[in-house]
Amino acid sequence: MVGSIQSIHRIGKCLISQGRFTTRWQVRHLSSQEKKPPPIRNSFNQPPLSTPLPDLEKAIYADTKEEDNVTQVTTLSNGLRVASENKFGQFCTIGVIIESGSRFEVAYPSGISHFLEKLAYNSTTEYADKDKIMLDLEKHGGICDCLSSRDTFIYATSADRRGFDATVNILAEAIIRPKITAQEVETAAQYIRFELETLMSRPEQEHILTDMIHGAAFRDNTLGLPKICPPENIEKIDRNILLHYLKIHYIPSRMVVAGVGIDHNQLVESVQKYFVDKPPVWGFDDGSNLKKIDNSISQYTGGIVQEDCKIPLHMGPSGLPELAHVVIGLEGCSHQDPDFIPMCVLSVMMGGGGSFSAGGPGKGMYTRLYTNVLNRYHWMFNATAYNQTYSDSGLFYIHASAPPNHVRDIVDVIAKEMSAMAGEVGATELRRAKTQLQSMILMNLEARPVVFEDIARQVLAVGHRKLPSTFIQEIENVTKSDIERIAIRLLKSQPCVAARGDIKKLPTLFEIQSALLDKDGFQSKGKLSLFT
């Protein structure tokens, strides 16, 4: 008995010295020498991850370089441009970008683009209904979508590259040969009514405020026209209006067909067959409609748009209070402006987000709006910087939200931060902003649909696509003086303001403009404080 106990103790000491844990069952069997456990392999003896395992087939790696991925562009006989980039993979993304959107609706009831979004991929001359289109796409593992902005409209599909020809046919049918029946228009109207009711019943206000700040910045012209269909226009928009708009704006010279993951010559051949050889439902255009397109240059006006209303609370026992929302904006620049890249760097430097965001430096937790605003003012629920760019202008703005009793505080804090943009720029924060912007570009361009959109937008705007390395280098070249210069450029413009919620305490536009011109905000020495 004593010998057994001594042997157990010896075994236990040995196991402890080797750093191994042993259960009673194992000790009992070890002491009786009935069975020994298999030896534990030392992980330090395993080959490193940098060394291939023996007896494996040699891996073949892609050796493509960025310069090999040059975007090919072909202009067809009718002016339609076809652009593509052949990337490795089983699937391809093909779509069409059109120079269309809410900014071109000045001669129409606002909301045309909203309707066209809901009518996309419905019945066409070849397909009886949406279900037939979806079935054809599913044969090739495909999906489709569409998206409108203020100056562009995108139809896109992703499918197995072996089904690219059918995919191009579906795009052509959906874009230039839709039936747009009265029933489809009524269904789209019902969708829009429901969407408007949903927007008004949710606490999130981003979509509504985006329309409001553009309306304040470009009063009653181009980019200021609403993207969301106004309720009073739903009954005004019918099939005839929609078809007339399509005939005027959906013409070859305003379109680019782009593809990623597809041979360029094959794409050109399919586009020629379905977009050129087969006519649209409104017939071939002889160029006479060009004069009817609104080619007005956007006119930045500045101003204020406000709506004193009750914003719904978050559903459920969240405990979040009612919030008031304020957006303060300044005139930015177009995407072809020499200051476009520095403006993007400034936007990332300002950063921001919601007060409940989590994460490290990669999520912008060291940006100015986090360190100077969200981390200092417990009542601030959101503070985010945005930089919207278009072909002829842009808009730089900050959206902030807090309980209604802090509306004046919101304006004071945001005005100080915007005024401080023209001050000293730290070397560390500039380096961080440039690195973050570069990483965002490269990470996003790993996705095939993002590459498609990048190709489509650049070719539509300038006729070719710049390589990502060009933008990376341009970001690297941004200096402190560039940031200070564009900040001064921004602050010289008349501010635009959008506010929604319980905003009875909102300062006047003149007071907001005065605060932007003073780095100390409303409470500067010698000025009358708004908080007294």
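Reply:

**Helix H10 and its surroundings**

Helix H10, which covers residues 340-350, packs against helix H13, residues 427-444, at an angle of about 110°, and their axes lie 9 Å apart. Angles from 65 to 115 degrees count as roughly perpendicular, and H10 and H13 are therefore roughly perpendicular to each other. The model is a predicted one.

Next, the residues that make this contact. On the H10 side they are Cys344, Val345, Val348 and Met349. On the H13 side they are Glu429, Leu430, Ala433, Lys434, Gln436 and Leu437. Sorted by kind, the residues of this contact divide into 7 nonpolar, 1 polar and 2 charged.

The spacing of such residues along a helix can be read with one general rule. An α-helix has 3.6 residues a turn, so residues three or four places apart point the same way.

How many of the residues of H10 are buried? The count is 11 of the 11, so H10 is largely enclosed by the rest of the structure. Buried here means a relative accessible area under 20%. The buried residues of H10 include Cys344, Val345, Val348 and Met349, which are the residues of H10 that meet H13. The list of buried residues also holds Phe340, Ile341, Pro342, Met343, Leu346, Ser347 and Met350. After H10 comes Gly351, which has a positive phi, near 55°.

Arg485 belongs to helix H16, residues 480-491. The side chain of Arg485 also makes a polar contact of 3.1 Å with the side chain of Asp482. Is Arg485 buried, partly exposed or exposed? Its relative accessibility is 39%, so Arg485 counts as partly exposed. Gly423 is 62 residues from Arg485 along the chain, and the C-alpha atoms of the two are separated by 9.9 Å.

For comparison, here is another pair of helices. Helix H3 (residues 112-119) and helix H8 (residues 239-249) pack at an angle of about 95°, with 11 Å between their axes. That angle makes H3 roughly perpendicular to H8. H3 contributes Ile112, Ser113, Phe115, Leu116 and Leu119 to the contact, while H8 contributes Ile241, Leu242, Tyr245 and Leu246. These residues divide into 8 nonpolar, 1 polar and no charged.

A buried residue can also sit in a loop. Gln205 is placed in the loop between helix H6 (182-201) and helix H7 (206-217). Its relative accessibility is 1%, so Gln205 counts as buried. The side chain of Gln205 makes a polar contact of 2.5 Å with the side chain of Arg500. Leaving out residues up to four places away in sequence, Gln205 touches Leu199, Ile311, His325 and Arg500.

The protein has 17 helices and 12 strands. Of its 532 residues, 48% count as buried. Among contacts with a separation of 6 or more, 77% are between residues 24 or more positions apart. Cys344 of H10 is buried; Cys229 is buried too, with a relative accessible area of 1%, and Cys496 is buried at 0%. The count of disulfides in the model is 0.

Key
Residues are numbered from 1 along each chain as its sequence is written. This is a predicted model: local features need pLDDT of at least 70, side-chain atom pairs count only at pLDDT 80 or more; totals for chains, interfaces and linings use all residues. Side-chain values use heavy atoms; hydrogens and water are left out. Axes are lines fitted to C-alpha atoms, for helices over the stretch in contact, and angles run from 0 to 180 degrees between N-to-C directions. Helices (H or I, at least four residues) and strands (E, at least two) are DSSP runs, numbered from the N terminus. Angles under 35 degrees count as roughly parallel, over 145 as roughly antiparallel, 65 to 115 as roughly perpendicular and the rest as oblique. Contact means heavy atoms within 4.5 Å. Ala, Val, Leu, Ile, Met, Phe, Trp, Tyr, Cys and Pro count as nonpolar, Asp, Glu, Lys and Arg as charged, and the others, Gly among them, as polar. A disulfide is a pair of cysteine sulfur atoms within 2.5 Å. Buried means under 20% relative accessible area, exposed over 50%, partly exposed in between (1.4 Å probe, protein chains only). A polar contact is a pair of N or O atoms within 3.5 Å; within protein, one must be able to donate a hydrogen and the other to accept it, and residues adjacent in sequence count only if both atoms are side-chain atoms.
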